[in-house]
Amino acid sequence: MSTGHLFVIGATHHRTPIEVRERLALDADGAVALRDQLASLPGLREFTVVSTCNRIEFYGVAANPAVADEVGGAFCRRQNFAPDEFARFRLDLRDAAALQHLVEVAAGLDSQMLGETEIFGQLKQAYAAAQAAGHTGPVLNRAFQKAFQAAKQVRTQTAITTGQVSVANVAVELAGTIFGGLSDARILLLGAGEIGEKTAKAFQSRGAASLTVASRRLERAMELATTLGASALPFEQRESRLAEFDIVVCATSAPDIILPRAAVRAAMARRPARPLFLIDQALPRDIDPTVAELENVFLYNLDDLARIAEENRAAREAETLKGRAIAGEKARALWQQVAAQVAGAGTSTTAEPIPPASATSLPENR
Amino acid sequence: MTLPFTDRVWLWLAAGLYLAGFIQGSIALFRRGRPAGGATYALILLGYLAQLAGLGLRGRAVGGCPLGNAFELYQFTAWSAITLYLVVGATFRLSLLGYFTACLASVVTLVSLLFPSWDAGPRVRIFGHNPWIELHAALAVFSYGVFALLALTSLMFLLRHFSLKSKRLGGWFSFLPSIRDLDHMSVRLLAAGAAILGFAVAVGAVHWARPETVVNMEKVLVTVTVAGAAFVLLLLRLRGVLLARRFAVACLVLYAAALLSLVTVEPGRGRGPARPAPTAR
């Protein structure tokens, strides 16, 4: 007599290079078709499909171990992907190990950028879609709901989400430690290159509303300003109008200093009570390093930002073990609760496939 | 309603709870790397209620605001600071402010309890005869509580400033509020403290102006100096003369001066006849 089991199969960033993940990524129509196909697969009692840019995973409750292979086979056929090649990258975990993986994914412990929280929302969307389509049952409902609770616990009891790990986000976080909210902070971006643009976007994503771009080529500044919904400023006015800004991001390729000490000192004399945050992302540096000595002026260069990002990354790594221990404990407890139901899936007399799903959308691919 | 225990027992209990809040906050910070938040707030709130009971019993025994000796002055100052923290902490959610408040309150209350002489000496009944002087004293000491909280936000400002300038942002530095929030809070507290103390001085002046009043000039001078210093500090800050780190240091100095001046404004000094401090139940 066969016994039911809980499984997760798929491919993740850990073992699957990006070129392969591109071929495995499901588009919206393909996802709907695949889910309909899986819903009619005999022996597959419950399932949920999670698809992001870093992972494609199938969580399921099956009547026998062969069903997981059939799920993999159906997926490979849809993607025109060789099953043998898929087997080389395949993640394949069963029962308590599958649950632990689910908790770790939800908590961001399995993410490429450790501790990121976006995956939590993506997992929730995937589960909601599967639930709405009637693809989940008592086991996966409990598993996902408990996994979400456990993930929150991992995040609150460890420091895996604290501190930003990208240079642009570190700059934004630093601005928060100086100004609190960024909604009323006035930001000047000097240089219209990729680095500056990335940092400006990071600021905007955190609520910065007032952004001005200045570049040695005015047309380029205007172009970027249009893209970002910002305003443009002639580069020559950068010193005379410096006092109007709270945050200055410098990312030009100028060979010399473009913000000398005298200019910063003059600006501060006009706005002494407001702090000025200077971010120098250029190499060679754009800002005279001695301005850091001025009262109420905070200067960070590329090395400073990179070091903080690295420290944050190391701090998150150090918390991983603690997070995995919590995830393991929660997964074992959860397995105790669902083991009997999972086993029952193998002996269940209701062998019919899951009824066809209504059209629902999968979470957006990252 | 009759409360169990004497006033000093309640005040010991309050000091213990403040200390527990501080220890609990320290454990959370240094072992778990994050502020205790709600737990510290709860311990401070319990301590506050115990202190309220203790000061209430004492007040009932002396027939007015318990500000009759150094012990009572320090207790009342700590209580005032906690009152403000409970409002400010809940409204502005300034991280770590509870931790620092628990530290300050436990130090001030424990020190005042550990020196029995501060409460055992002669005690002058200054209240009950004149409501103006009672209002003056209560407001003045309450303003010192405001300055205590100002000292804490200034200290936090200096720590945040140090962390930003030295580029050490990890650990518990990451839980400090933003430097601009701390600066705004300090300015508001200074303005509130100066206004309350200024009003207290004005109320006191009504009493001092009466011909039958014997004025303790030393006390008047100290109170007026502290109030004047607070106003000057506020003016310098608002005019952009004293800013950032220097402003924070000046606020700390102001609080230290205010705390030390409590010795001179102690009601028992240079007065008579005296009576011993009561033990209330």
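This is a predicted model: local features need pLDDT of at least 70, side-chain atom pairs count only at pLDDT 80 or more; totals for chains, interfaces and linings use all residues.
Residues are numbered from 1 along each chain as its sequence is written, while chains are lettered from A and ligands numbered from 1 in the order in which they are written.

The C-alpha trace of chain A spans about 85 × 40 × 35 Å along its principal axes. Of its 366 residues, 46% count as buried; a residue is buried if 20 or more other C-beta atoms lie within 10 Å of its own, exposed if 12 or fewer, and partly exposed in between, with C-beta atoms placed from the backbone. Among the contacts in chain A with a separation of 6 or more, 74% join residues 24 or more positions apart. Two residues are in contact if their C-beta atoms, placed from the backbone, lie within 7 Å.

Six strands of chain A form an open sheet with parallel pairing, in the order β7-β6-β5-β8-β9-β10. Pairing is assigned if DSSP finds at least two bridges between two strands. At the edges lie β7 (231-232) and β10 (297-301) of chain A, each of which pairs on one side only. Strands of a sheet pair through backbone hydrogen bonds, either parallel or antiparallel. Within this sheet, strand β8 (residues 247-250) and strand β9 (residues 276-280) of chain A pair in the parallel sense over four bridges. I247(A) faces F277(A) of β9(A) across this pairing, and C250(A) has D280(A) as its bridge partner in β9(A).

Chain B comes next, with nine helices and two strands. From the N terminus on, its elements follow the pattern α-α-α-α-α-β-α-α-α-α-β. Of the 281 residues of chain B, 44% count as buried. Residues 24 or more positions apart make up 81% of the contacts in chain B with a separation of 6 or more.

Two helix pairs of chain B share helix α2. The axes of helix α1 (residues 7-30) and α2 of chain B come within 8 Å and cross at roughly 165°; axes are lines fitted to C-alpha atoms, for helices over the stretch in contact, and angles run from 0 to 180 degrees between N-to-C directions. The two helices, α1(B) and α2(B), are therefore roughly antiparallel to each other, a label given to angles over 145 degrees, while those under 35 count as roughly parallel, 65 to 115 as roughly perpendicular and the rest as oblique. The crossing of α1(B) past α2(B) is left-handed, meaning that the near helix is turned anticlockwise from the far one by less than a right angle (right-handed if clockwise). Residues meeting here include W10(B), L17(B) and Q24(B) in α1(B), and L43(B), G47(B) and R58(B) in α2(B). By class, this contact of α1(B) with α2(B) has 14 nonpolar, seven polar and two charged residues. Ala, Val, Leu, Ile, Met, Phe, Trp, Tyr, Cys and Pro count as nonpolar, Asp, Glu, Lys and Arg as charged, and the others, Gly among them, as polar.

Helix α2 (residues 38-62) of chain B also packs against helix α4 (residues 97-114) of chain B, at an angle of about 35° and with the axes 9 Å apart. The crossing of α2(B) and α4(B) is again left-handed. From α2(B) come T40(B), Y41(B), L43(B) and I44(B), and from α4(B) come G98(B), Y99(B), T101(B) and A102(B). The contact of α2(B) with α4(B) comprises five nonpolar, three polar and no charged residues.

Residue L152(B) belongs to helix α6 (residues 131-166) of chain B. L152(B) is buried because 29 other C-beta atoms lie within 10 Å. Leaving aside residues up to four places away in sequence, L152(B) touches L97(B), F100(B), T101(B) and L104(B). L152(B) and F100(B) are 52 residues apart in sequence, yet 6.5 Å apart in space, C-alpha to C-alpha.
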